[in-house]
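Subject: Structure for you to look at, with notes

Dear colleague,

Here is the structure I promised to pass on to you, and my notes follow below it. Please read them with the sequence and the coordinates open beside you.

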Amino acid sequence: MKKTPGSDGEGFGTAEEYLNAAKSMRNMGEYDLALNVCDKGTAKFPNNSNVYILKAQILITKFKKVQKADILKMALVCLEKAIKLNPRSYLAKILASQIFLKGRAYKRARAVLLDVLKNLPDDEKAKVLLAEAEKHIEKKPKEEKPKGAVAKPTASSTSVESSKDDVIVLAADISDADGVKTGEGGQWELDEKLVIDTAEDTADDEARMEVFADKLTMFSRLEGMQGLFIIDATGQPYKVINKKKLDENAIPSLVFNLFKASVAGASRTNFGSFQRGILIAPFGTIIIVNVFYATLALVVDNDANLQAIEARIQRYLEEVAG
Amino acid sequence: MSNLKTSLRMLCNNQDILGGIIITKDGMLIESYAVENPMAETLGALMSNVALVIKTSLQDLGHQEFNRYVIQSNKGRIYLVDLGKAVLIALTDLNIELGKVNMALFQAANEIKKSGRIDI
């Protein structure tokens, strides 16, 4: 007998199904169940960075309730995996930088944020976080090293100044999230004032995204269609229809980062508000559409009929707006 | 008048094209036509960010160059054409003859590439 997908994530066919089930559970406050679904998702789709990112988000939310530093370390491990799988992931880097800031690993936070800004030089969030990291780095040499914050020396620990950073290095070096060793986890000296913004979507966002995803069927019969992506405001794919085995890590990151850069480019040159981005690349044409609180990306063959696609996009926008 | 300026002037002979600039990959302005400073510098800097995102992302997917990228806003369009070591940027209104603009961009890009000046 064919098994039907259950709320525990058994039997889901796509990574997005795991993501959406885990998000629903998280929004209901069922963090352990949500983490369980993420674990099943990572087991089934070990190369999908988005499930690791969601797991990290849920762990951070859980940390906010229980205030155990080990949970943040586990989140960091998930984010490192996500970044390894998808080096352009904006959300993974922003979350990792905030954990570093929370753990007072300011140099590590700065390194991650500079990496974000290398790709998105105008990103306001990264700039604000970088300023926070630099403020502490400038202040740090003047301060005395606090008692009890000594980490085990590692190959990279060379000075008193970097001792706290090395605690994070220990956590960051753990490669297997499931087998995370907490070790001397209690030595993490967290910045109590800093609140990590997990950029979670709310139940309202979820309902909206569901509408956006439901209406995607109107594109399914278009000739030359390679894939469709609905990407939420944090850059995470909500729905993916992948007909040509497109890279589900790289394409959503490309779309999200390009969307951000294009929005900044259009508005700061007085060209108004961004509506579409059309990228003609060697493997196909990517059409990026601003859909209110999300981004729709269509990947089509380079010889596809763009006028027919544009007409369909217009109809789609009318329907989701209505 | 430099070859690049001539190519841009010819591009802007198309009535739908409002202006054009050529930038290096890192956003340095090489040449502009009908786009005054500081607008040309700002446009160059912002569009180099866009080109950088495209190039780095495409590298992850195993490709080195893109053909073209168009940003469409409620006021007009910004075209980016990959010239290898540089990027050609053209500004247009919203309601344009797409075919003619595409042809003009294609010809201008070829002219610029042939001139070899962007290798300097």
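Predicted model: local features only at pLDDT ≥ 70, side-chain atom pairs only at ≥ 80, totals over all residues.

Strand β1 (residues 225–231) of chain A runs antiparallel to β5(A) and is joined to it by six bridges, with L298(A) as the bridge partner of L228(A). Strand β4 (residues 284–291) of chain A also pairs with β5(A) in the antiparallel sense, over seven bridges, and there L298(A) is the bridge partner of I287(A). β4(A) and β5(A) form a hairpin with two residues between them, and F292(A), in the turn, has a positive phi of about 55°.

The sheet continues from β1(A) to strand β2 (residues 237–242) of chain A, the two being paired in the antiparallel sense over five bridges. L228(A), the residue whose partner in β5(A) is L298(A), stands opposite I241(A) in β2(A). β1(A) and β2(A) form a hairpin as well, with five residues between them, and G235(A) in its turn has a positive phi of about 95°.

**The cavities**

Which residues lie nearest the centre of the largest cavity? A search of the whole structure finds three cavities of 30 Å³ or more, and the largest has a volume of about 80 Å³. Its lining is made up of 16 residues, of which S89(A), Y90(A), G235(A), Q236(A) and S253(A) lie nearest its centre. The elements that give two or more residues to this lining are α3 (49–66), α5 (90–102) and α10 (250–268) of chain A, and the largest share, four residues, comes from α10(A).

By class, the lining of the largest cavity has five nonpolar, ten polar and one charged residues. Domain 1 (47–141 + 151–195) and domain 2 (203–321) of chain A each contribute at least three residues to the lining.

Helix α1 (residues 15–27) of chain A has 13 residues and reaches 18 Å from its first C-alpha to its last, close to the 18 Å expected at 1.5 Å a residue. Ten of the 13 residues of α1(A) are buried, so this helix, too, is largely enclosed by the rest of the structure. Just after α1(A), G29(A) takes a positive phi of about 85°.

L35(A) is found in helix α2 (residues 31–44) of chain A. With a relative accessibility of 9%, L35(A) counts as buried, because the cut-off for that class is under 20%. L35(A) and M25(A) are ten residues apart along the chain, and their C-alpha atoms are separated by 9.0 Å.

With best wishes

Technical notes:
Residues numbered from 1 in each chain as written. Chains lettered and ligands numbered in written order. Heavy atoms only, no water. Pairing = 2+ DSSP bridges. Expected span 1.5 Å × (residues − 1). Buried < 20%, exposed > 50% of the residue type's maximum accessible area, 1.4 Å probe, protein only. 1 Å grid on protein atoms, 1.4 Å probe; cavity = no way out; pocket = protein on both sides within 12 Å on 5 of 7 lines; lining within 4 Å. Points joined across faces, edges and corners; volume = space filled by probe spheres on them. Nonpolar A, V, L, I, M, F, W, Y, C, P; charged D, E, K, R; others polar. Domains from an automatic or database assignment.
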